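Student: Could you take me through the helix packing and the ligand surroundings here, one point at a time?

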Amino acid sequence: MTDPTLYPCFLGPYGENDDLLEKLVVEFLRDHVYWRRNFHPEDPPAIPTRAAKQPQFLSFEARLRRELHALSASLKRSVPFHSPRYLGHMVSDVLLPGLAAQMLTLPYNPNNVSEDAAPVTVDLEVQVGLQLARLIGYRHDPAQPDCAFGHLTSGGTLANFQALRLALALKAFPVALRAVAPIEIGLPEDDWTAFNLAPDAATALLVRWQDWLASLPLGERNRWTAAVEAQRLESLGLCDFFARHPQLQPPIVLTPLSAHYSWPKGLKLLGLGADRAVPVAQQDMRVDLGALEEALERAQAARQPVLMTVAVLGTTEFGAIDPVDGIVALRDRYAAAGLGFAVHVDAAWGGYLATLFREPGGGLRPREAIAADFANFPAPRVHAAMAALCRTDSVTIDPHKLGYMPYGAGAFVCKDHRPMSLLAVEADYVFTRAASEDYLARYRQLGRYIPEGSKPGAMAAAVYVTHRVLPLDHCNFGRIPAQTLRATEAFVARAAQFAAECAHLVHACVPFAPDSNLVCLALNPCGNTSISGLNEFVGRLHDEVRIDPTAPLQLREFFASTTRLRIDILNRDTALRLLKRLQLLPAPQEAGESLLILRHTLMNPFLLDAENDISYVDRYFKFLTRRITALCAGVTASTHSNDSMVA
Ligand SMILES: Cc1ncc(COP(=O)(O)O)c(C=O)c1O
């Protein structure tokens, strides 16, 4: 049932905390106005008081009000993300601290491109990066030379792109260095070795190079810097770089089959091409370490460089968590064998679950202590994956998903900040050359290192304040995922009950036990043995739970999403087991087909409403039972003539 400490955290499904939010908005709007008035109080008001009575002013205000009313009215057709009846995509109510901090900051309109445009909020963004680094288990003390670094992005897509960009810059840099730098800094013996250093070794080389440069007089330093810059992949472009190094092939990226579509997007953007993403087979929707090892073995035999291996912490479609621990172990083994690559964790969805695994002091909680609050969570392999996050090279983690922040707030965090210097782009009009190499001074020039230029400081303020009000440990923020994981366990148990109760109507199952709060449900009407029949049935069910912009929201009882489960990406045993559970015949003409399944994102903290003794999980399954009962009659009637259906 609901953890009462969560009551003040959200505006609430019924707008219960309206009074608190209203007081905060008014208080800090006034505060902002006083700030304007106190800037140079001797400057008189530029807009005269009488202006508010003039016809042009009044007609402007009337037009403004009319448009705002129209906007407000049309927004009533928005998706009710705040409601526990919304089980669709990766979004729910936003946290009140973030909403209030963002609204408070908006009129100041800071631009986090650099301290020049955001003297306050750019620092907050750097602090957010350190807060997230601590959550992951990376070194987060800027006084340490290898401290982590993180920044916000518009979303997970751009954070994943930043991971690719950084990994490629670090991979290719030693090759550029070899082409011109003096041997005394300790260069790799050939291009292949240079291109296949482990990220840590490449970083160490970069640091040696920077230290050597620093020992030179300015003119000489500039000449050497320019010479290496001219050899870098980022200067030459992919074509020229690989033409100059014919013994090297462009690298591949090993991605789980379940990876998000931002990965092919990122590879296209980088110019490597989406085909450079090599899918790794999975076992029950998690990376199969045996298959990954075979892929690495093949790469090494073919002298095919690997840029990175991606692990997903909470897959988009099944909420599954990849064996991060096994993947970093393979990285270390292959690095020792001369095939270095980075490990990036795409924790866009599941990253904030790590709050449940953190002690307030920063330590990792033992599995048993976490498990005491749940029926099954966390599986030992989930705990091992979380514990291994600190050994990865970089992580994507989205505040606008399980961090309950308004859009758009993704985040990228890398284990060691030093390679970020390889991404630096100069622009004299906005970036001042840091007088010191101090960590904070450097990253106050944020736009130098990130894909974006201008970016909202209000978002950094929102995330920072939220992490301060709800620190990222199990006693504070972790209470939110704990609540929704309890709802997830209730959902999985209720799904089994539903499957038994409706066995005369449908064959139903959760195809893969989730590791996070995202659960799919596969359904096949009794008597149907074809995939097309199943898809038609689930498609009709989806019509009853999807957003329909033409119909009033209130006509919908619940919202859910769907996805397609491709049979051909499953291993044979898993596929046969699933088809059998759903009583489907694997017809040869249907090879490569996919099953339409219902997908539920269970992140609303009020799914189990203690105050009113309501379980929206239970209500959802009662709703499904009613709709399926009605649909089954229809399906049977309409498909008698359909050859694909077996009555
Ligand atoms: C695992 C994963 N990575 C990346 C993304 C992309 O995030 P965004 O939509 O914020 O760009 C998503 C989005 O659902 C995701 O689930």
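**Ligand contacts and helix packing**

Tutor: An oxygen atom of the ligand lies 2.9 Å from a polar backbone atom of Gly156, a polar contact being a pair of N or O atoms within 3.5 Å, where within protein one must be able to donate a hydrogen and the other to accept it, and residues adjacent in sequence count only if both atoms are side-chain atoms. This is a predicted model, in which local features need pLDDT of at least 70 and side-chain atom pairs count only at pLDDT 80 or more, whereas totals for chains, interfaces and linings use all residues. Residues are numbered from 1 along each chain as its sequence is written, and side-chain values use heavy atoms, with hydrogens and water left out.

Student: How many Å separate an oxygen atom of the ligand from an N or O atom in the side chain of Thr157?

Tutor: Of the 13 residues around the ligand, those that come nearest include Thr157 and Thr316, a residue being near if one of its heavy atoms lies within 4 Å of the molecule or strand. For Thr316, a side-chain N or O atom is 2.8 Å from a ligand oxygen. For Thr157, the corresponding distance from a ligand oxygen to a side-chain N or O atom is 2.5 Å.

Student: How are helix 5 and helix 10 oriented to each other?

Tutor: Helix 5 (residues 156-180) packs with helix 10 (residues 262-270) at about 50°, their axes 9 Å apart; helices (H or I, at least four residues) and strands (E, at least two) are DSSP runs numbered from the N terminus. Axes are lines fitted to C-alpha atoms, for helices over the stretch in contact, and angles run from 0 to 180 degrees between N-to-C directions. Angles under 35 degrees count as roughly parallel, over 145 as roughly antiparallel, 65 to 115 as roughly perpendicular and the rest as oblique. Helix 5 and helix 10 are therefore oblique.

Student: Which residues of helix 5 meet helix 10?

Tutor: Contact here means heavy atoms within 4.5 Å. On the helix 10 side, the partners are Ser262, Trp263, Lys265, Gly266, Leu267, Leu269 and Leu270. From helix 5, the residues that meet them are Thr157, Asn160, Phe161, Leu164, Arg165 and Leu168.

Student: Are helix 11 and helix 12 roughly parallel or roughly antiparallel to each other?

Tutor: Helix 11 (residues 289-301) and helix 12 (residues 324-336) pack at an angle of about 20°, with their axes 11 Å apart. These two helices, helix 11 and helix 12, are therefore roughly parallel.
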